[in-house]
Amino acid sequence: MRILIVDDHPIVASGCRTVFADDPEIVLLEAPDAESGERAFVAEKPDICVIDINLPTVSGFELARRILAREGAARIIMFSMNDDPVFAARAIDVGAKGYVSKTGDPNDLVEAVREVGNGDVYLPPAIARSVAFARPTFAQNPLSKLTSREMEILRLLSSGKSLSEVAWLVHSSYKTVANTSSIMRQKLGVRSSAELVRLAIESGVA
């Protein structure tokens, strides 16, 4: 089984190598960011992708979206320092087959790879319970109205990127990003880009 690890922290990649060191059937491939991760997926065709949410340029959610646009059956496990059920729910909504917290039991990743590799889905039990009980409150969050693509653009805007920079990062046109920004303002009931960014920061998107 070929597993692509997309994470910009060398210590995480090293930890993954240690976790799977005793399994001769697993070959690990590594990439430090979304761009190289996408290239590695195309070139190497891994069986499973393990993607960190917080990558240097665009997020792991955006990379997952790109990979799934190329190969709808791609098996993706999102990997994060955050065990907030909101992030796990977003991973599921994007199309990931698993979600594992870096702060959890290292065996969670092994179990996730085993389950997803067998065609199943995986959430650590504690996170699965949190997602199940938190679901009713997600709808109360105004950002729940946004699509995955809109959330990525909002995250980049709230990090200080200009519309032109965002367009380049998400492989889109300036006009499309500007239109998306306008749509988000309408959905969220704010009048200006500054209000949009403030709402994103207050909601913990940035």
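Student: Which residues in H7 are buried?
Tutor: Buried means under 20% relative accessible area, with exposed over 50% and partly exposed in between (1.4 Å probe, protein chains only). In H7, these are Glu150, Met151, Glu152, Ile153, Leu154, Leu156, Leu157 and Ser158, so eight of its eleven residues, and the helix is mostly covered. Helices are DSSP runs (H or I, at least four residues), numbered from the N terminus. This is a predicted model, where local features need pLDDT of at least 70 and side-chain atom pairs count only at pLDDT 80 or more, while totals for chains, interfaces and linings use all residues. Residues are numbered from 1 along each chain as its sequence is written, and side-chain values use heavy atoms, leaving out hydrogens and water.

Student: What covers the buried residues of H7?
Tutor: The cover includes helix H3 (60-70), helix H4 (85-94), helix H8 (163-169), H9 and helix H10 (193-202).

Student: How do I describe two packed helices?
Tutor: Use the angle between their axes and the distance between the axes. Axes are lines fitted to C-alpha atoms, for helices over the stretch in contact, and angles run from 0 to 180 degrees between N-to-C directions. Here the axes of H7 (residues 148-158) and H9 (residues 174-188) come within 10 Å and cross at roughly 100°. H7 and H9 are therefore roughly perpendicular (65 to 115 degrees).

Student: Which residues of H7 meet H9?
Tutor: Contact means heavy atoms within 4.5 Å. Glu150, Ile153, Leu154 and Leu157 of H7 meet H9 residues including Val177, Ile183 and Met184.

Student: What comes just after H7?
Tutor: There Gly160 has a positive phi of about 105°.

Note on methods:
Helices (H or I, at least four residues) and strands (E, at least two) are DSSP runs, numbered from the N terminus. Angles under 35 degrees count as roughly parallel, over 145 as roughly antiparallel, 65 to 115 as roughly perpendicular and the rest as oblique.
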